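Subject: Structure handover and notes

Hello,

The structure is below, followed by my notes on it. Please read the notes with the coordinates open.

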Amino acid sequence: MEWGFVFFFNSVLLGVGLAMDAFSVSMANGLNEPDMKRGKMCGIAGVFAGFQALMPMIGWICVRTVVQYFKMFERCIPWIALLLLGFIGGKMLVEGIRNGESGQGKPGLGIGALLVQGVATSIDALSVGFTIAEYGWLMALAAALIISAVTFGICMAGLAIGERFGTQLSNKAQIFGGIILIAIGLEIFISGMM
């Protein structure tokens, strides 16, 4: 692969494809916290974008160094995503039902949950290291940064959409967000097992 339009176009398409899970989770986060401040939105999108840049680079390094170990780990990716997103989604679902019954307000997204979401939605990006293995380190880094920028924009859109509809859904938003996270985990698991 050489620098040029095709390289940038492929990197943007990779970014869009990889960002879809993060978009859905961002929308669930916006649903969960409809009065989210712009700085927090940028922080959430930044975490997802950071993981989406980091994972392909880790995959690229693995391909160039310890590919046999990464191949063994690759079979675990759908299970890891299912467990992480199922746990966070289930927790949101239970809290949404409890808060609906007690009339309490919704808790905000904590840093621990955000990091788990970031790993869960980007772990499949490790395999992108295989597709960019032929790139030199500078080109691989450029691809990872493009993927990150695309993910940031898409996540900001997801947060804004979730925030808008979260206000309208009121106390059902946290339950809906939990269901979305569980569904994303199942989708990653099913598509990864096929």
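The side chain of Thr121 reaches the backbone oxygen of Gln117 at 2.9 Å, and a polar atom of the Thr121 side chain lies 3.4 Å from the backbone oxygen of Gly118. Both are polar contacts, that is, pairs of N or O atoms within 3.5 Å; within protein, one atom must be able to donate a hydrogen and the other to accept it, and residues adjacent in sequence count only if both atoms are side-chain atoms. Thr121 sits in helix α5 (residues 111-122). Helices (H or I, at least four residues) and strands (E, at least two) are DSSP runs, numbered from the N terminus.

This is a predicted model: local features need pLDDT of at least 70, side-chain atom pairs count only at pLDDT 80 or more, and totals for chains, interfaces and linings use all residues. Residues are numbered from 1 along each chain as its sequence is written, and side-chain values use heavy atoms, with hydrogens and water left out.

Thr121 counts as buried because its relative accessibility is 1%; buried means under 20% relative accessible area, exposed over 50%, and partly exposed in between (1.4 Å probe, protein chains only). Leaving aside neighbours within four places in sequence, Thr121 is in contact with Leu18, Asp21, Ala22, Val25, Phe48, Gln52 and Leu85, where contact means heavy atoms within 4.5 Å. Gln117 is also placed in helix α5 and is buried, with a relative accessible area of 0%. The side chain of Gln117 makes a polar contact of 2.8 Å with the side chain of Asn29.

Overall figures

The protein has 8 helices and 0 strands, so the order from the N terminus reads α-α-α-α-α-α-α-α under the DSSP assignment. Of its 194 residues, 45% count as buried. Among contacts between residues at least 6 apart in sequence, 91% join residues at least 24 apart. The accessible surface comes to about 9,500 Å², and 71% of that belongs to carbon and sulfur atoms. Areas come from the Shrake-Rupley method with a 1.4 Å probe; for residues, only the protein chains shown count as cover.

The mean pLDDT (the predictor's confidence in each residue, from 0 to 100) is 80, and 84% of the residues score at least 70. By element, the lowest mean pLDDT is that of helix α3 (residues 67-74), at 64, and the highest is that of helix α2 (residues 38-65), at 90.

Gly30 is found in helix α1 and is buried, at 0% relative accessible area. Beyond its neighbours within four places in sequence, Gly30 is in contact with Met36, Leu159, Gly162 and Glu163.

Met36 lies in the loop between α1 and α2 and is buried at 7% relative accessibility. Not counting residues up to four places away, Met36 touches Asn29, Gly30, Met41, Ile44, Leu159 and Glu163.

Leu93 belongs to helix α4 (residues 77-102) and is partly exposed, at 22%. Leu93 and Gly178 are 85 residues apart in sequence and 4.7 Å apart in space, C-alpha to C-alpha. Ile175, Gly178, Ile179 and Ile182 are the residues that Leu93 touches, again not counting those up to four places away in sequence.

Surface patch and salt bridge

Trp3, Phe8, Trp137, Leu138, Leu141 and Leu145 make a nonpolar surface patch of about 650 Å². Patches are made of residues with over 30% relative accessible area and no salt bridge; like charges are joined within 9 Å, and nonpolar side chains (Val, Leu, Ile, Met, Phe, Trp, Tyr) within 5 Å. Helix α7 (residues 137-169) supplies the largest share of the patch, 4 residues. Phe8 lies in helix α1 (residues 5-32) and is partly exposed at 41% relative accessibility.

A salt bridge is a side-chain nitrogen of Lys or Arg within 4 Å of a carboxyl oxygen of Asp or Glu, and by this rule the count is 1. The side chains of Lys40 and Glu33 form it, at 3.0 Å from N to O. Lys40 is partly exposed at 29% relative accessible area, whereas Glu33 is buried at 13%.

Regards
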